[in-house]
Amino acid sequence: MPARILIVDDHPNTASMLARALRQFSQPVEILTARSGPEALELIGQNSVEVLITDFMMPGMNGLELIERLQNGHEPAQIILVTAYDSPGLAATARRLKVNHYLIKPVQPDKIREIVSQALESRQAPKAEAPVALPEPSQFKILIADDQPDNVQLLATRLQSEGYTFVVAGDGQETLDQTRRELPDLILLDVNMPKKSGFEVLAEMRADPQLAHIPVIILTAARTSVRDVREGLGLGADDYVTKPFDWRELAARVRSKLRVKHAEDLLRRRNRELSLLPQIGQELSARLDVNELAGVVLKRAVETLSAASGHLVIFNLDDQLYTTTFAPRAIANWDWDRSQNWLITKGLIAEVVNTREALLLGDTEGEARWYKSGGPVRAAVCVPLLGRRGVIGALTLAHDQPGRFTADHLALLQAIASQAAIAIENAQLYAVEHKRVKELVALNTLTHDLGQFTRSSEVFERVPQLIASTLGYPAVSVWWMHDSQLLLRSQAGGESAPRLSIMALGPQQVAATGQPAYLSGGVEERTGARAGTGPLPTHSAVAVPMRADGRVVGVLAIHSRQPNVFQESDRVLLQTLAAQIMTTLERLRLFESVDQERNRLNAVLRSAADAILVLDAAGRLQLINPAGTRLFTDVETKLGQPLPVGCGYDELLTALRQAAEAPGEPAGLTAHPIAWPDKRVFNVAVAPVEHGGQVAILHDVTAFKDLERVKNEFLATASHDLKNPLTAVIGYGDLLERVGPLTPQQGAFLGRIKSAARQMHELVQDLLDLARMDLGVQLSLERSDLGHLVAEVADEFRPQAAAKGQTLRLAGASAEVQADRARLRQVFRNLIGNAIKYTPEGGLIEVMLSVRATQACVQVRDTGLGIPATDLPYIFDKFYRVQADDRQGIEGSGLGLAIVKAIVDQHAGDVTVESTVGQGTCFTVSLPVPVPLAEPLLH
C-alpha cells in the first residue's frame, strides 16, 4: 500500500512545488494537499498519514492546532513543521507536540525530500505516548470544606502525611471565597454546611467558568441515599464518598482525580498556548504604533502568566531606549523606574540581551542578577525579543511570590516575545519609512521654496526659519567662513537653542575636520575648576559642511538643549539640504553674474559708436542701441516689428537675408558693404544667434571708402603716368645697342638698366591692375575653353622650365567657363611663373584640370621650396613675401598672388593653397562651370 503524505499550506504554489518534488521516490506514494487545517482533517477522514508537512501560520487553524487534532487517534509517523516566525517559544511548543522536524523558511524542496525519504525507509509505527507523570504531592493544593473541626483535623492530618498542601473552609460561602482566591487542585466537600450547602456550592462552581474545571469529591455522613448520590453526581461532583470511609480508598480516589486534573490542566494549557499565539499575532498585526504594541504585549503577557507586573525595553533603530511597564497589582516598595537602569546595564536584562537566552529566576533572594537582592520581587522571568537585526528588546515579568514562574511559563513567554519582536520590528521599520516619507515631502517643499529665491541674501535670511518650521527642529543655524573665521550668519529658534559658545562647538569641529559632527550630552566649556556644583549644560547638535570647489565655505547645523534628540537620519537629511542650499547659492551667483553682465552689456551698447541690431528668426527687431536708432532718421523703428521695406534700407535687408542663407558659415560673421540713403557707406557684419535670429553691426566706413577711392585713383594715375617714361627708357635702351658698339662695362650697365626698367614696368603694371580691380572695372566675360587657355599659358613657360631643366606637365579634362580670358590668363601666368621661379632645377611642375559637379578646378603643383605654415594665412596679402634664406635671390614684388585672389574673387571662384616646406606647393583655382565638358587635354 503506498505511503500517504499530507502537505498543508495556504499558499497553493508552495504545496504544488513540494508535491512535484515528493512524487519522484522509487517507492509508491500518495500525495495529499490541503490549504487549511479543516480541509486537511476532512481530507484524511478516518485514515492516517505517514508524513505530515504543515505550515505554521494558516487561516482558521494554525499548524500546531492541526498537529494537536491529528494526535488524537491519527498521529502521523513523521511531522514536519515549517514556519517563517522562528522563536524559542514556538520551538518549545513544537517539541512538546513531538514535532520531528522544525524548519525555518526558506526551505529547499530537496531538504524536505531527504527528510521524507528517510522517514519512508524506516516506516516505523508511531510510538505510544508515555503516560503523563504526576508531580509531587506538594505541588497540589487541596481545599477541605467541612463545618466539623474533628473532620477537618482528620483530613488535614492525612493530607499532610501524604505531602499535600491544603486550605480549610468552615461554611459554604467561605468555601466559594477560598476557591476563587486559592484556585485549589481538588475540593473535599461536605454537604451539610452553614450558609450554603455543599450542593449549592457545587452548583455555583459548575456555573462559574473560572471554577468549573476544579474536581470535587463529596464527603458526607448525612446524605447517603441513592437519590442523594444521584443528585450530587448530577450537579457535577467527580466522586461521592460516604462517611465513614477508608482512608486508603479515599487517597486512591484523590490521586486519581489529581492525575486527571493534572492531565486536563496540561491539555488546557496546551490549548491555551496553541490559541494564544494566533490571537496575539492577530492583535499585534493590526497595529503599527510601537506604543500600542508595547502596551498590548505587556498586558497579554502579564495576564497570561498571572504576573504581578511587567517591564518592556525596546532598542529603537536610532539607538534610543524605549521602556514601559504594566502593573495590574502593585508590589509594595518596588519601582521599575528606579531599577530599570541597573537591570538594563548590569543585571538580568543586560545578561539576556548579551547572551540572547531567556532566564528564569525562581527566587531572587540572594540573586546577584536582580536589583537589590532580597527585595519585594521574589520571582522574575526575562526573555529577549529577537528580530532580523538581532536583539531588539527584552520582556521581563515579576511576582512577589518565589517559584511563581516555571519552565512552561518561560517557553510561553518566549513564544509571546517572538510574536512581539516581529510586530515591533515591523512597526519600527514602518515608523522609519513614514518618517522618510515626511522628510521627502518636507525636502520637496524646501527645494521648491529655495527655487523661489532671487537673491543670495534671501537664502541666509530665510533658510533657517524654513528648515525649522518645515522639519520641526528646535533651532537651526547657518555659519559662513569669512577671512578664515567661521561666523554665525543667521539662525532660527534662538529661544530653544543653547548659548552661542555651545552652539559653535559642532560647526567649529566641522570647519576643522571637514566632516559632519554629532554631539550629545553634557558640555564642559571651562578649562579650570568649575565655580559651581550644578550639572553641566546639556545639548544635542548635528552639523554638516557646505562645500564649494572642494572646500568648506559654511556649516549648516541643528541644535537642542536636550540630549539624544537627533538621529542618523537627521544627519543624512541635513547633508541633502546643505547640498541643495549650495546649489541654490550657485544658481543665484550665476543669475547675479548674468544680471551684472546684462547691465554691463547695456552700458556697452549705449556707449558703442557702431549701430547694433538684434533680430529674431522672423526678422523682428529685438534690440537696438542708441547709435542704431539714430541711423533711421526718416522712419520709426519699434521693438518686436520688422525693419521697414522700401524706405531705402533694402540693401541692409538683403545683406541680412543673404547672411541667413549663406551656407558653410553658421557661426561666423558675414560682412557686406552697403550704401545708406544719405550716401554714407556702412560695413555690416552679420552673425547668427543661437536658437534663431541674427545680430548686425553697422560700421560707418564712408571716410575709408573715400580714402580708398582716392588711393586707387592715385595709383591708377601714377601707374599710367609712369608707363610712358619707362617705355622710353626700355625703348632707348634697346636702340643703344644698334647705334654703335658698346664696351663690356657699358653693356653690363645697359643690361642692368633694362632689367630694372622691366621690373619697374611689371610693378607698375601690377599696381595698375590692382587699382583697376579695386575701382571695380567690369570684366569682359565670354564663354571660354579653360583647358585651351591653361595649355596656352603653359606653352609660354615651357622655355623657362626647359632652361632650368624642369618638367612642365599638363593633364586632365577640359571645361568651358564664363570668364574674362585676359584676366584668367594673368592668374595662371602668375601661378605657373611662381612655380617655375620657386622650384629648383630638375623639379616637376604639374598643371591638372578637373570638373567636380559645378566647379572647374585647376591645380598648379610643384616640388619647390614650399611655404611655411606660419606664412600661409598671409600670402594673398598685397606686398607680402616669405622671408627665408633659401629665397633671398628670387625677385618679386609680392603682388602676384594678391592679383590672383582678386581676379578669382571677381569670377565668383575660390583659390586655396596647400604647402609643405621642402616638398612643394599646390594652388587650386575653382571656377563655376555653366555647362560641364569632358574633353581630354593635349599633352
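I started from pLDDT, the predictor's confidence in each residue, from 0 to 100, and from contact, meaning heavy atoms within 4.5 Å. I noted that this is a predicted model, in which local features need pLDDT of at least 70 and side-chain atom pairs count only at pLDDT 80 or more, while totals for chains, interfaces and linings use all residues. Residues are numbered from 1 along each chain as its sequence is written, and side-chain values use heavy atoms, with hydrogens and water left out.

I read a chain average pLDDT of 82, with 88% of the residues at 70 or higher. Over residues 124–130 the pLDDT is below 50, and this stretch has 4 contacts beyond near neighbours in sequence. For residues 932–939, where pLDDT stays under 50, I found 23 contacts beyond four places in sequence.

I then turned to helices (DSSP runs of H or I, at least four residues, numbered from the N terminus). Helix α14 (residues 407–450) packs with helix α15 (residues 456–471) at an angle of about 155°, their axes 10 Å apart. That makes α14 roughly antiparallel to α15, a word used for angles over 145 degrees. In this contact, Ala442, Leu446, Asp449 and Leu450 of α14 meet Val463, Leu466, Ile467, Thr470 and Leu471 of α15. I sorted the residues of this contact into 7 nonpolar, 1 polar and 1 charged, where Ala, Val, Leu, Ile, Met, Phe, Trp, Tyr, Cys and Pro count as nonpolar, Asp, Glu, Lys and Arg as charged, and the others, Gly among them, as polar.

Last, I checked where α25 ends, and found that Ala908, which follows this helix, has a positive phi near 60°.

Key:
Axes are lines fitted to C-alpha atoms, for helices over the stretch in contact, and angles run from 0 to 180 degrees between N-to-C directions. Helices (H or I, at least four residues) and strands (E, at least two) are DSSP runs, numbered from the N terminus. Angles under 35 degrees count as roughly parallel, over 145 as roughly antiparallel, 65 to 115 as roughly perpendicular and the rest as oblique.
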